[in-house]
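Dear colleague,

I am passing on the structure we talked about, and my notes on it follow below. Please read them with the model open beside you.

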Amino acid sequence: MPRRVLAGLLLCLAFVAPAQAAGDRILLLAAASLQQPLNRIADGFTAATGVAVIRSYGSSGGLARQAASGAPAHLYISASEQWADWLASRPGDFVAARAVLAGNRLALIQPRDAPEALALGPGLPAALADGRLAIGDPLHVPAGIYARAALRKLGLWESLRGRLALMPDVRGALAMVERGETPAAIVYRSDALASRKVRVAEVAPAELHPPIRYVVMLLAAGDGSAVPAGARTFYDWLLSPAAGEILLSAGFTRPDTP
Amino acid sequence: MTGLLTPWEAAALWLSLKVALTAVFAVLPLALGCAWLFARRDFPGKPLLAGLVQMPLVLPPVVFGYALLLLFGRQGPLGGLLYDLFGVTLIFNWKGAALAAAAMAFPLMVRSMQLALEAVDPDLENAARTLGATPPAAFVTVTLPLIAPGVLTALILGFARALGEFGATITFVSNIPGETQTLPLAIYSLAQTPGMEGGALLLVILSVAVALAATLLSEALARRLPVRSGADRRRALR
């Protein structure tokens, strides 16, 4: 092997090795909707324990794929049981522990200064005029899957399916309404509370969709290596009453309530 | 062919071709004009304009898509104007995808045609004009045939870039099946979806097939073009 290549490889190792050995950094893959409260919880955890929590937010489906493909993640939080179950069913003992972290509600939102109030009902397609309804891509974004279920139950899916704007995660749908590019979106109630530029037109009745459950999983990284102590401590920290309060104040619900 | 594909996949393929071809042919005259301007004229601010034309090539596509969203969205200054004047909406629309693809293809197309133009001896056009050809006639009958390989290269490069456009498209027009979900966006969606690996793989193979077909077609076309350079033509004139 040419010496220069070898030197380059060693240089790379020099960057990688300390991070792996120290174990004072843990990687968390989490549903996009958890961003604000989870940042607060993780910052509190780092201040108390000195363990840094690297966060990667995205659609729960995409993150499950990453975890299953060998992403060196220690924790995964899905916005739906569907993707959590999928990850648990992968070959290799992925999941060291699992719990329901929180619940949430679905909400129809519109720009804060919109003149007319929208409602989840037969009048919605007409009220959108030539605008679109932003939702998460129902292929992989849980908020989009819940939204599709709710629209189906309302009998609106067929009339609206050609008039949707599908976003790569739920925060993308929120951003579309924030910018006024779509007159409405279906997101989580907690997303609506996280933005000052939107208002909730209607919180979807819980019976319109399967219960929204955020599932946190402690991952064994797929390679059989032991779960670092820091990751297990953070897992317990997430399920503590203090973290629960932060989630509640951000608009999430308790895990046991719909 | 469509028997092998679900309607969803066929829609992504068809839309990709529609978006890329529309983008490339719509922007060709403008790119040719730009190439001619850069190759043949000097004017104040030329380096700045040349730099601006290259921007889509240099900027991260997401940045460019975000800029398009701010400019051409419903709330954007240009998007609002288009809607008020013509009732045209680009956002969430295949025309918006074509705009993003065209902007991405534009610098490559200008570049390859500019290089071809620079290789053509301006004296050939001058000679045509001494024989009575108007400047446009001289351009069409003398210059254009000479730069035909460059134009073809521009079309192929532009098509390839347009076909592969992802970042600007998903940022500007989102990912709507049948409307803005081109092959790369469909692959992205499937790659994000647990359990859909097979579907993603099929679309990847489809992309390779389209790219290969385009390359082979361009090779075949290039062979049919007479190989002519400025020097050949000069020799012929003597």
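The domain bounds used here come from an automatic or database domain assignment. This is a predicted model, in which local features need pLDDT of at least 70 and side-chain atom pairs count only at pLDDT 80 or more, while totals for chains, interfaces and linings use all residues. Residues are numbered from 1 along each chain as its sequence is written, and chains are lettered from A and ligands numbered from 1 in the order in which they are written.

Chain A is assigned a domain 1 (16-103 + 212-249) and a domain 2 (106-208), and the centres of these two domains, taken over C-alpha atoms, are 28 Å apart. Counting two residues as in contact if their C-beta atoms, placed from the backbone, lie within 7 Å, domain 1 of chain A brings 13 residues to the contact and domain 2 of chain A brings 16 residues. On the side of domain 1 of chain A, the largest share, three residues, comes from helix α3 (residues 60-68) of chain A, where helices (H or I, at least four residues) and strands (E, at least two) are DSSP runs numbered from the N terminus.

Between the chains, 19 residues of chain A are in contact with 15 residues of chain B, and helix α10 (residues 183-192) of chain B supplies the largest share of the chain B side, three residues.

Turning to the sheet, five strands of chain A form an open, mixed sheet in the order β7-β6-β8-β5-β9, with strands taken to pair if DSSP finds at least two bridges between them. Its edge strands are β7 (164-167) and β9 (198-203) of chain A, each of which pairs on one side only. Strand β5 (residues 106-111) of chain A pairs with strand β8 (residues 184-188) of chain A in the antiparallel sense over four bridges, and Ala107(A) stands opposite Val187(A) in β8(A).

Finally, the largest nonpolar core has 142 residues, and Leu75(A) and Ala185(A) have the most contacts inside it. Such a core is a set of buried Ala, Val, Leu, Ile, Met, Phe, Trp, Tyr and Cys residues joined through C-beta atoms within 7 Å, a residue being buried if 20 or more other C-beta atoms lie within 10 Å of its own, exposed if 12 or fewer, and partly exposed in between. Helix α5 (residues 94-118) of chain B gives the most to this core, with 16 residues. Domain 1 and domain 2 of chain A both give residues to this core, so it lies between them.

With best wishes
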